[in-house]
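Dear colleague,

Please read the notes with the coordinates open beside you.

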Amino acid sequence: MAEADEQLTLLDWHPSPFTTRVRIALAEKGLNYESRQEDLSNKSSLLLEMNPVNKQIPVLIHNGRPICESMVIVQYIDEVWNHKSPLLPSDPYQRAHARFWADYIDKKVFPIGRLMWASKGEVKAASKKDLIECFKILEGELGDKPYFGGESFGYVDLSLIPFYSFFYTFETLGNLSIVEECPKIVDWAHRCLQKESVSKTLCDQRKFYEVLLELSRGGPEPKWSSVGSIDLTPLNS
């Protein structure tokens, strides 16, 4: 099917790192799409229709058919539009390796980071230590490569870079310095930001922090999708 005939709609929420992944993938492929911003306290009938199981963003609607879950969507985009900017390696082993690290990021970075900013005392101190250790493990995987997959921006980079928007929040609410603890990760993030697909897509760090503080004051409970239901409230800090 010709690209001109494609109809792409993304059910979106700009601060979400999970919808950010999809927007970066679409930008990498040079695809035009409609972004429909969701009110997570009053979900649209379209979202409920397109994702009746989890009722969460992101959802990519391709010619009327929904694809759900951020990294599932990214893989779909990479497979359907495989003529430009491949995100997953062609080698089966390297592809499995990339999926392993994307899964590690999903299971570690957001859950640990949220626990750190939403807790106090010993729990906060332990989660801060765990978050730093998580980034150090990722630094070990990155090694001396410019990107996780080697010389070019790819699947693992795309899965992690949206969380760069969280760094100011992590540092402010966790009382830590990521650049001091994990300088290779910060250098890698700055390298990713040189790509227009990334720099024009990420949520500003301080704006994300402001959104988080606003949500922490009460009101409806937003949920960000990728692995299960991930909420931002209560913070109690």
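The notes below begin with a pair of helices and then turn to the cores and the strand residue.

Please bear in mind that this is a predicted model. Helix H4 (residues 92–118) and helix H5 (residues 121–142) have axes that come within 8 Å and cross at roughly 155°; because angles over 145 degrees count as roughly antiparallel, H4 is roughly antiparallel to H5. The crossing in which H4 passes H5 is left-handed, and, sorted by class, the contact between H4 and H5 has 14 nonpolar, three polar and five charged residues. Among the residues that meet there are Trp101, Val109, Gly113, Met116 and Trp117 in H4, and Leu131, Phe135 and Leu138 in H5.

The largest nonpolar core has 62 residues, and those with the most contacts inside it are Phe135, Leu138, Leu160, Ile161, Phe170 and Trp188. H4 supplies the largest share of this core, namely eleven residues. Leaving aside residues up to four places away in sequence, Phe170 touches Val109, Gly113, Met116, Trp117, Leu131, Phe135, Asn175, Leu176 and Ile178. There is also a second, separate core of nine residues, which includes Leu11, Leu47, Ile57 and Leu215.

Finally, Thr9 lies in strand S1 (residues 8–12). Its relative accessible area is 14%, so Thr9 is buried, and, again not counting residues up to four places away in sequence, Thr9 touches Glu34, Arg36, Val59, Leu60 and Ile61.

With best regards

Technical notes:
Residues are numbered from 1 along each chain as its sequence is written. This is a predicted model: local features need pLDDT of at least 70, side-chain atom pairs count only at pLDDT 80 or more; totals for chains, interfaces and linings use all residues. Side-chain values use heavy atoms; hydrogens and water are left out. Axes are lines fitted to C-alpha atoms, for helices over the stretch in contact, and angles run from 0 to 180 degrees between N-to-C directions. Helices (H or I, at least four residues) and strands (E, at least two) are DSSP runs, numbered from the N terminus. Angles under 35 degrees count as roughly parallel, over 145 as roughly antiparallel, 65 to 115 as roughly perpendicular and the rest as oblique. A crossing is left-handed if the near helix is turned anticlockwise from the far one by less than a right angle, and right-handed if clockwise. Contact means heavy atoms within 4.5 Å. Ala, Val, Leu, Ile, Met, Phe, Trp, Tyr, Cys and Pro count as nonpolar, Asp, Glu, Lys and Arg as charged, and the others, Gly among them, as polar. A nonpolar core is a set of buried Ala, Val, Leu, Ile, Met, Phe, Trp, Tyr and Cys residues joined through side-chain atoms within 4.5 Å. Buried means under 20% relative accessible area, exposed over 50%, partly exposed in between (1.4 Å probe, protein chains only).
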